[in-house]
Amino acid sequence: MKTIGLKCMCVILVSYISVLTLSSCDKKDSASQEITYIETSKLEYAVDELQNTSKLDFSNAIIDVHNVDKVYSLNLTRPQLNVETLTDEFVKNCEHFLNKNINKNDLKYRYTQQDSSESKTIKYNDSPKFNSYFTMLSYYDEETKNDVYFQPYSMYWVATKSSIYEKDIPLGDFGKMTFAENNTSETKNDIEFLTEKMNEINSQYSYFLESEQFSVKPYRYINSNETYYALLRMYYENIPFNTDYFYSIDNDGEVIWSLDTGTFGELVIDKNDEVYRIVSMSNLNAEEREIYTEIISPETACNLVNEIISDDVSFEVTRFELLYNFEQIISDKDETDFYYNSNPHWKITIEKTGIPAYPQMAFMVDAITGNVKTYKIG
């Protein structure tokens, strides 16, 4: 997981004005909108009755909401790792992915410099330490150009074979990917294949995202000449975590840096079981802070969003779902010390806004408090 910063992109006057009239999310008092709550065990029934509002059209939206017994406020924390254990685990996963033996002294350990943006790299025989300045453990194969690395700061493992770049795989172009929920026979067959392969991979790699606390499922994918590129989504008790990287849109319509972000995995594999890329978050621990059996109703969430949109703006909704967000909580004393605060949110995704500076947007409604935030996606 990573936090992305971005300066204001409102350089097109027409687009800038459009967003200013779109919303002033945090300035508007939501007290005028009546807040109603619903039992989590009745969510699917409530969603079945979801209707269009004056500014939100749900006619073609994918609705991803399921009955659950309860939802949580979660803290996601990172484990305290030992550099020897981490190295052994990294080598084991790396050797399996690359199908070759690896000398530990071919690994590289990257450290940031205290009070500096510069970094230094050492090798295994230089006795690396696990501390707050240790940012990456990596292996690069000079002959094949294959690359594997692990970020202890964010608990991300990324393994890529260079041959992937010779294929027609639009890495990172999520907007062209098919949603797993698309109800076609081809999509169902593809998802069955990907799910089967993910289960196999989960048993082969200790870094893969599924664990006793979390599960992982295909979220979006592309079948490109028999090679699948899948975006994977993490779940906690049948509720997904947000997968989008967000930039907040403030009250003046400016795009600003945000600590609200997302996490996702990636898998590139062909039908001959050749794995070209794995991206996975691993080893996070979920601590349940609060338990809720009632949350703000879907209808209320939609009305809260509808209320902050200008009367001359309307959107066709792409997705409506209940999920957990990611908010990075950083220590005041040490910016390398942080955890993730995850609360249940209603998310309304607009993938075609018609606004050039903000082509994809999301509205997030805190399912406990009703607080609404507006984001630019990507």
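Residues are numbered from 1 along each chain as its sequence is written. In this predicted model, local features need pLDDT of at least 70, side-chain atom pairs count only at pLDDT 80 or more, and totals for chains, interfaces and linings use all residues, while side-chain values use heavy atoms, without hydrogens and water.

User: Which residues have the most contacts inside the largest nonpolar core?

Analyst: A nonpolar core is a set of buried Ala, Val, Leu, Ile, Met, Phe, Trp, Tyr and Cys residues joined through side-chain atoms within 4.5 Å; buried means under 20% relative accessible area (1.4 Å probe, protein chains only). The largest such core has 88 residues, and those with the most contacts inside it are Trp346 and Ile348.

User: What is the angle between the planes of Phe97 and Trp157?

Analyst: Rings of Phe, Tyr and Trp (its six-membered ring) pair if their centres lie within 6.5 Å, with planes under 30 degrees apart counted as stacked, over 60 as edge-to-face and the rest as tilted. Phe97 and Trp157 form an edge-to-face pair, 6.5 Å centre to centre, and the angle between the planes is 80°.

User: Why does the pair of Phe241 and Tyr324 count as tilted?

Analyst: Phe241 is buried, at 0% relative accessible area, and Tyr324 is buried too, at 1%. Their ring centres are 5.4 Å apart, and the pair is tilted because the planes stand at 35°.

Methods
Buried < 20%, exposed > 50% of the residue type's maximum accessible area, 1.4 Å probe, protein only.
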